[in-house]
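Please find my notes on this model below, as numbered points.

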Amino acid sequence: MAAAFRKGVVGVTRKNGFSLQQRSLSSGYGFLLRPRPLPIILVTGGGYLGYKHYKRRGQKEDGAPPSLAASTEVALYRSVPTRLLSRAWGRLNGVELPNWLRRPVYTLYIWKFGVNMQEAAVEDLDHYRNLGEFFRRRLKPAVRPLCTSCCLTSPADGMILHFGRVKNSEVEQVKGVTYSLESFLGPQRSQSNEPSSSFSDLLLSSPENDLFHVVVYLSPGDYHGFHSPTDWRVELRRHFPGSLMSVSPSVAHWIKGLFCFNERVVLTGQWQHGFFSLTAVGATNVGSIRVYFDRELHTNTPHYSKGTFFDRSYVDQVLKVAGEGCVASLNKGGVVLHKGEAVGEFNLGSTIVLLFEAPKDFSFNLQPGQRIRVGEGLCSL
């Protein structure tokens, strides 16, 4: 019977053409599929990561501290083509939805992620032509009052993952899980004439100051714009191409140095106390990071060299630049930003990391895991 079946297959191929016959002879059976590496990677990698997530969840319920990912597990995760998937997601977001489909799709998203449409500048769901416009919706001006009594305010809506003082040039992305300050920011010039003994010292302009940090995680349901947290001057933009792994709290607890692996845009400059930086960290489906006053920035491009970064200096430029919701001025010292001013946006949700110099008695007025909104105070200084 098997011989008859094979004979029948060959007969059909001879009748219908050479190409099908070629496939029958090479595979043995015409209906067998050739192995495809990408689906195999997605299925096996996704299944393994799902198992690890389930295992970490069980550890959390038992009260045991979750284990960190091994280097092989991180390599497996990074082998998943998240950059390609994010670009595909970006194109899908730009597809115009028919009017009859907009309300059901956006209503499902609102229900799933708890979006507060009463804060949106346009509440009518039929107004948003595609998912991208809905993700990047603007807010009513009055719904984000700016705290005037605090020198530092939240740059985004989201959840406080971690905050505190930088110690030994290591920064905590969540409690107990750190990453290297040098790997995150890249090489820096010393701001003082004193010989430095650590990377942190390179950033400090005064021995009376320390470095501090705060991490804000934006969930998919949050407002996706980010704003200037203080009055400061941006001198340099540094773009690190990289992976686009998830930056959700569960993954941040699992992968050490997660923010150093992912694509990110670092804005560095000066504020009233010295060094100041704002970093927008990309994530899965968040390959696009926009900075309104920098039209030369292009993130999640198809090709990049591992370990590279690209700098653009704003010093010694005299011109006016404008973007959506932002009118920034460039002078010889850099881009001048004012507290609460719109700086840029993500195409979904991600993470903002603030690293800055401040007096040693600086203290945060925050709690880990608390919800925060743009313009709310971060400190008690």
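1. A cut-off first: a residue counts as exposed when its relative accessible area is over 50%, and as buried when that area is under 20%. The model is predicted, so please read each point below with that in mind.

2. Start with the backbone at asparagine 168. Its phi is near 55°, a positive value in a residue other than glycine. Most residues other than glycine have a negative phi. Asparagine 168 sits in the loop between E1 and strand E2 (170-174). Its relative accessibility is 75%, and the cut-off for exposed is over 50%, so asparagine 168 counts as exposed.

3. Serine 169 also calls for a look. Phi here is near 60°, again a positive value in a residue that is not glycine. Serine 169 is likewise placed in the loop between E1 and E2. Is serine 169 buried or exposed? Serine 169 is buried, because its relative accessible area is 13% and the limit for buried is under 20%.

4. Arginine 137 deserves a check. It lies in the loop between helix H7 (131-135) and strand E1 (158-165). The residue is buried yet has no salt bridge. Which side chain of opposite charge is nearest to arginine 137? That is aspartate 222, 7.1 Å away.

5. What the side chain of arginine 137 does reach is backbone oxygen. The backbone oxygen of phenylalanine 134 is at 3.0 Å. That of glycine 221 lies 3.2 Å from a polar atom of the arginine 137 side chain. Beyond four places in sequence, the contacts of arginine 137 include Val115, Met117, Ala120 and Tyr128. Gly221, Asp222, Tyr223 and His224 are also among them.

6. The unreviewed UniProt entry lists Asp157, His227 and Ser350 under "active site". These residues are spread over 194 residues of sequence, yet they cluster in space, with a largest C-alpha distance of 14.0 Å.

7. Aspartate 157 is in the loop between H7 and E1. It is buried, because its relative accessible area is 4%, and buried means under 20%. The side chains of aspartate 157 and arginine 144 are joined by a polar contact of 2.5 Å. Leaving out residues up to four places away in sequence, aspartate 157 touches several others, including Leu139, Val216, Asp222, Tyr223 and Arg373.

8. Histidine 227 belongs to strand E5 (residues 225-227). It too is buried, with a relative accessible area of 12%. Its contacts outside four places in sequence include Pro155, Leu278, Gly340, Glu341 and Val374. Val374 is also one of the residues that aspartate 157 touches.

9. Now the interior. In general, nonpolar side chains of soluble globular proteins tend to be buried together. Here the largest nonpolar core has 38 residues, of which Leu152, Phe226, Ile352 and Phe356 touch the most other members. Strand E15 (residues 351-359) gives the most to this core, with 4 residues. Apart from it lies another core, of 35 residues, and Val74, Val247, Val251 and Leu355 are among them.

How values were computed. Residues numbered from 1 in each chain as written. Predicted model: local features only at pLDDT ≥ 70, side-chain atom pairs only at ≥ 80, totals over all residues. Heavy atoms only, no water. Helix = DSSP H or I, 4+ residues; strand = E, 2+ residues; numbered from the N terminus. Buried < 20%, exposed > 50% of the residue type's maximum accessible area, 1.4 Å probe, protein only. Lys, Arg positive; Asp, Glu negative; His and termini not counted. Salt bridge = Lys/Arg side-chain N within 4 Å of Asp/Glu carboxyl O. Polar contact = N/O pair within 3.5 Å; in protein donor to acceptor, adjacent residues only side chain to side chain. Contact = heavy atoms within 4.5 Å. UniProt positions renumbered as here; feature names shortened; annotations may be inferred. Core = buried A, V, L, I, M, F, W, Y, C linked by side-chain atoms within 4.5 Å.
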